[in-house]
Amino acid sequence: MSRTRRLAGSVMALSLLGGILAGCSTDSGANTAQNKPAEPKAQENQEKKELRMMSGVIGGKNPEENAQFEKEIERLTGIKVKLDKPASDYDQKLLAAIASGEKFDLLQVSKEKMNTFIEQGILTPLTDQVKGSKTLSDPNVIPAQEWEQVKSKDGKIYGVFTKFQGGTMPTVRADWLKKLNLEEPKTLDDYYKVLKAFTEQDPDGNGKKDTFGLSTAGMYELQGFFSAAGLKQRYVEKDGKLDVPYSTDAAIPIYEWLNKLYKEGILDPNFATNDTGKMRNLFLTDRVGMITYWDAWVGMLNNTRKEQDPNTAFQAKGLPGAVGPNGNYMLRRGDPDVWVIPVNATNPKTAFGFIEWWHSKDGIILGSLGIKDQDYTEKDGKYELTKTGKEHAMDHGVPFWYNKNVKEPFGKLPGVQEAQELVMKYATLELTPPKWADAEKIINEYSFKAIQGQMPAAEAVKKMREQLKAAKLID
């Protein structure tokens, strides 16, 4: 990193810290109400039942609906809320607001952003509040092992999940497997045979050679195939040193396997320039038999085709990837989104009480179905989506949740439950340091050269590693 960039980073960190500490409150005690934040006790520094929060995905679908979302929170909790939800560029606007000294009670951020804020000392530790919360310490609300995802290096908790974050995996046309009398693949050789059959045996039945075995959106998400070599997609840390497994010699056979798919026309030739929308469209229009994407999309893909044709044979199914040398599978877990409380929050107790409420039935219904009588109606415990609710696809920031006591009003879409079980069984969270974006550019450049045959895989890995080291992106 250049001296100029280091200086700019230091200035930004100091600006953030200076802004957030302005008017810093020292009162960050816990509130352990299970459903609604408890009324604050009469005291000298009595908190108001007010919150200012900033979110990237939680809330309405437009500014008008955000205002209605605020009113619905107040109706359900008694808390008067001001919700800032930028229409775009959330991270940049969040950083700018904090650096300018704006005060928030709650922020919705990624784990990566949370780690940055922890280093800058601008977040309130919540470890004691979480342990003392009857709601959040309940394993039926949030499984105990899940907290390991959000703990800092010293074991503290600064963020509480906003939702259940799934993972990525190969997703196959299970109806094509059945049609071609193929077994679900387990090894990398199995995957090759299946993908080759999808390319050459006319699985869509139109009499044309117009299908591909596999399509991706660049390197997103090939973890399921690198699983065959026991390699993680992003960073790993060993003995305090950071490394990128995709840049090691162990990755060479996987790149060679992918190059074989590319040379034989099994891999979509546009994989390097595809976005996720193009990739999904190929899958939905019978052009490709396998993609690599999120568990939730298994259900969405099935639902989309079912709505188009109730009699369709289309069936998307999640797979655990290729079995590794130790007999295990290795999938990628998505970085969780969390609620965090800045150290200068005006109403930190109310903020923590809101977080607890967010994991209650009322909070979950709001974050998923949306606003009562606008997105859904309810009578005698039975829910019905309105036209608006159907358009909003039951996602106002919480498409899935942890709380086992709150059942999905309409059940999960076909294939989602099985895919999520694969995530919980085989997926782990990856290490994503702040400089990941810089590393990813180098990884993608040489991965594409290896896969497209522009450079032998061994040479591409060597060059990748040299550049990562030169940029001080690996130790």
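Helices here (H or I, at least four residues) and strands (E, at least two) are DSSP runs numbered from the N terminus, while axes are lines fitted to C-alpha atoms, for helices over the stretch in contact, with angles running from 0 to 180 degrees between N-to-C directions. This is a predicted model, in which local features need pLDDT of at least 70 and side-chain atom pairs count only at pLDDT 80 or more, whereas totals for chains, interfaces and linings use all residues. Residues are numbered from 1 along each chain as its sequence is written, and side-chain values use heavy atoms, with hydrogens and water left out.

Helix H4 (residues 111-119) lies across E3, E4 and E11, running at about 115° to E3. The open sheet has five strands in the order E2-E1-E3-E11-E4, with mixed pairing (two strands pair if DSSP finds at least two bridges between them). Because strand E2 (80-84) and strand E4 (159-161) stand at the edges with a single partner strand each, one side of each is left without a neighbour in the sheet. Within the sheet, E3 (residues 106-110) and E11 (residues 337-340) run antiparallel and are joined by four bridges, with Leu107 opposite Val340 in E11.

Turning to the helix pair, the axes of H16 (residues 436-451) and H17 (residues 457-470) come within 9 Å and cross at roughly 165°, which means that H16 is roughly antiparallel to H17 (an angle over 145 degrees).

How values were computed. Angles under 35 degrees count as roughly parallel, over 145 as roughly antiparallel, 65 to 115 as roughly perpendicular and the rest as oblique. Contact means heavy atoms within 4.5 Å.
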